[in-house]
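Please go through the structure shown here. The briefing below is grouped by topic.

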Amino acid sequence: MFFQEVDSGEGNAVIPEVKKFDEFKTIDWVEEEKCHEGRIVVGETYYEGRWSSYKNLIWRRGKVVIVLTLIGLLVGCIAGFIQIFTETLVNLKSGVCTRNWLLNKSFCCTDRDEHTGKLFVLDDVKCVNENIWAPWSNPVWAYVVFIILSCGFAMLSALSVRYLAPMATGSGISEIKVHVSGFGYKEKFFSLTTLAVKSIALPLAISSGLSVGKEGPSVHYATCCGYIIVKLLLGNTLKFPEQSEYLIASSAAGVAVAFGAPIGGVLFGLEEISSSAQFNLSTLWKSYYVALCAVSMLQYINPFRNGKIVLFEVKYDNDWHVQEIPIFVLLGIFGGLYGNYISKWNIRFVQFRRKYLWKWPLQEVFLLASVTSILSYFNEFLKLDMTESMEILFHECVKDSNNSQWNHRLCVIDEKSTLLSFFGMYFSLIFATLLRALGVVVSYGCQVPAGIFVPSMAVGATFGRSVSLLVERFITGPNVITTGTYAFLGAAAALSGITNMTLTVVVIMFELTGAFIYIIPTMVVVAVTRIVFNSFGSEGGIAEKMITINGFPYLEYPQENNDFLDDYCAEDIMTTNLITIKETMHLLELESLLETVGSSYRGFPIIKVEDTNELEKRCVGYVSLRNIQSYLGMVTSDDRARNTIINFNKENSTADEDNFIHFKDLVNYTPFHVHRSLSLSLLSRMFQKLGCKLVIVEEAGFLMGIITQKDFLRFQRTKRREIMGPLYTFDESLEEGLWSIITAANHKMKNML
């Protein structure tokens with residue numbers, strides 16, 4: 001593949017939107033289909049030699065199911081471990097189990113029914129009264145322990161990522177989207193070390209209280225499982241499109257176990273991870289089966305000790321009212337505004353981090369954990385784990401068999417309560433909303449595994465519940481609306497706003513709560529969120545924005561923002577400085593050519609021998625540098641000593657001559673050819689739909705130049721920046737002011753110490 005720098009009007013400087021292109025390897029899906037045809041046969045012969053014919057038959061017929069099953073089971077096991085480990089660390093911040101200090105509250109307060117023999121979890125009051133769970137009694141000591149453990153967990157997570165597996169930081173969804181779209185990323189990103197560190201550092205980061213979630217990192221560790229198992233069992237027998245299907249299926253399993261939503265996970269893999277060219281029944285089936293295996297294993301592990309795979313599963317008995325639709329629209333507007341501004345401010349802080357804080361990633365994590373723990377301890381919705389907090393917010397206030405309301409003071413805030421208690425609860429919810437949203441802005445992207453889904457849902461849940469308090473107090477009165485549904489709908493709005501997903505969000509929320517009678521309100525909220533979000537001209541969710549801000553190559557952009565492509569044609573961006581190879585040439589000549597060009601070129605057009613005119617060369621094929629080098633490594637020293645001729649011609653007329661070595665199997669004789677006047681908008685569709693790595697530009701049958709996917713993307717992003725300006729522009733004076741505040745505070749702390 002050729003690397004071409006496009007003149008952007010700013011000299012030859014590399015703009016931020018393309019700065020990491022060289023870290024990705026462009027995959028030619030068409031060439032993959034050809035060059036792997038012989039590898040499948042080789043793989044089957046290998047197994048024939050090792051096993052009996054009976055076992056070989058089972059493997060050939062069932063290897064897909066076996067691989068998918070192992071991926072799902074491994075993802076489920078890791079998800080169960082992460083949930084138990086996370087809950088153990090979170091509970092340790094508030095108390096200790098008297099039976100065994102290593103047990104979390106769910107395992108510690110588990111009892112067995114005398115009649116049915118089934119396990120059940122005691123309620124918190126009974127567990128404490130029976131001295132099974134002992135909370136920290138001294139309030140000062142409890143506050144100190146909370147802060148120390150929060151900071152300690154955050155630092156352990158950051159240290160493990162920093163020094164053991166730097167690829168384990170962040171979410172990982174953006175890199176996975178780019179990889180499966182045809183731009184292969186580094187193998188370290190999917191390595192066993194990255195998987196192990198991510199699985200340990202993620203619970204530590206969540207239990208520290210930072211506004212980070214496990215859903216994005218769950219997608220990453222799940223795809224690591226898929227990548228490792230596929231490489232181990234199938235080796236190099238798979239084409240890249242098939243490998244991508246396994247990774248998409250693994251990502252579906254990651255979301256399925258993170259949310260306890262298998263169907264939502266499948267839709268996530270298809271809507272968010274896969275590209276339009278990869279949407280097929282094979283990917284759907286693999287995603288469905290892996291998600292099934294993963295959630296089944298999680299159900300068997302039973303990390304919550306209640307037989308469920310989600311913590312905040314609730315059911316709503318009361319139906320909604322038509323008069324509530326304006327409130328649903330309000331929640332949708334909140335979701336659209338949240339998605340637009342939070343993602344924008346997060347990207348702004350990412351730029352601030354790269355400019356000022358890049359030298360001190362560990363100090364940044366410690367500062368974030370310290371401030372978060374100090375402020376969140378005094379707010380019940382921030383002190384608790386986010387899933388526990390949403391369990392409270394989602395629940396409907398109903399009376400149990402003892403004629404007592406569900407045990408939280410949210411359920412007694414009605415018209416009979418004092419205004420002081422009402423506004424105290426209301427401002428507690430608003431404070432939790434604002435502080436959590438601020439935490440999402442500054443925490444997502446720091447040096448720990450960090451997702452943004454659940455923190456966004458928590459923001460939407462507290463906002464939605466605060467709206468329900470106002471509606472119940474001043475509009476409808478008590479017991480008219482189901483207050484928990486407002487938190488549920490607010491969470492759906494925020495999740496849809498930050499991810500820019502629609503159907504996936506609706507299905508995930510239904511699987512979480514079982515609130516199927518609220519299908520219309522949920523769809524209304526998500527639809528309004530999408531409309532409001534799109535009204536700002538935003539491009540995709542947070543994952544797509546991070547792809548652009550990180551300078552990753554990715555082809556799928558909304559077409560309405562690329563109208564300028566119609567004004568340019570293939571001739572404007574093609575690479576004309578070409579090194580070509582003739583159909584037949586001497587071995588020493590070929591080796592000298594490769595030594596001269598080095599790694600500047602990744603492939604070469606093949607031209608006819610008789611075409612000596614520089615302006616009239618006819619391209620008959622294309623060969624990659626990697627394939628040439630691999631075959632040259634098999635050439636013996638005797639062949640090098642003779643006047644050996646390398647033959648790239650697909651004809652076999654010279655097959656009997658001793659001094660010929662045939663490289664015809666390496667050549668792609670049917671590369672895509674386009675005319676020099678082809679519009680770039682049509683070229684964009686070719687790259688997206690066909691998956692080709694490059695196209696040959698010609699006129700009247702003669703070679704004019706070559707355009708690669710990265711050439712096209714460089715031109716597209718550079719020209720967009722030239723026409724519309726940078727995608728994200730901010731006032732640098734604000735960044736400088738924030739940095740001056742941080743440095744001043746640092747100097748004061750040093751003087752105090």
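Ile263 counts as partly exposed because its relative accessibility is 42%; buried means under 20% relative accessible area, exposed over 50%, and partly exposed in between (1.4 Å probe, protein chains only). Ile263 lies in helix H11 (residues 262-273); helices (H or I, at least four residues) and strands (E, at least two) are DSSP runs, numbered from the N terminus. This is a predicted model, in which local features need pLDDT of at least 70 and side-chain atom pairs count only at pLDDT 80 or more, while totals for chains, interfaces and linings use all residues. Residues are numbered from 1 along each chain as its sequence is written, and side-chain values use heavy atoms, with hydrogens and water left out.

**Helix H22 and its cover**

- Helix H22 (residues 542-549) is largely enclosed by the rest of the structure, because 8 of its 8 residues are buried.
- The buried residues of H22 include Glu544 and Lys545, as well as Ile542 and Met546.
- Their cover includes H11, helix H7 (173-180), helix H13 (325-357), helix H19 (483-499), helix H21 (519-535) and helix H28 (709-724).
- Gly551, which follows H22, has a positive phi near 75 degrees.

- Ala258 is placed in helix H10 (residues 240-259) and is buried, with a relative accessible area of 13%.
- Beyond its neighbours within four places in sequence, Ala258 is in contact (heavy atoms within 4.5 Å) with Lys214, Glu215 and Ser218.
- Ala258 and Leu298 are 40 residues apart in sequence, with 10.0 Å between their C-alpha atoms.
- Ser370, in helix H14 (residues 361-376), is buried at 12% relative accessible area.
- From Ser370 to Ser150 the C-alpha distance is 7.4 Å, across 220 residues of sequence.

**Sheet S8-S11-S12**

- Three strands form an open sheet in the order S8-S11-S12, with mixed pairing; two strands pair if DSSP finds at least two bridges between them.
- Strand S8 (584-586) and strand S12 (660-662) are the edge strands, each pairing on one side only.
- Neighbouring strands of the sheet are turned by 30 degrees against each other on average, direction ignored.
- Strand S11 (residues 645-647) runs parallel to S12 and is joined to S12 by 3 bridges, with Ile646 opposite Ile661.
- Helix H24 (residues 587-597) packs on the sheet, touching S8 and S11, and its direction makes about 85 degrees with that of S8.
- Axes are lines fitted to C-alpha atoms, for helices over the stretch in contact, and angles run from 0 to 180 degrees between N-to-C directions.

- Most residues other than glycine have a negative phi.
- Asn500 has a positive phi near 65 degrees; Asn500 lies in the loop between H19 and helix H20 (503-513) and is buried at 14% relative accessibility.
- Ala700 has a positive phi near 55 degrees; Ala700 lies in the loop between strand S14 (694-699) and strand S15 (702-708) and is exposed at 69% relative accessibility.
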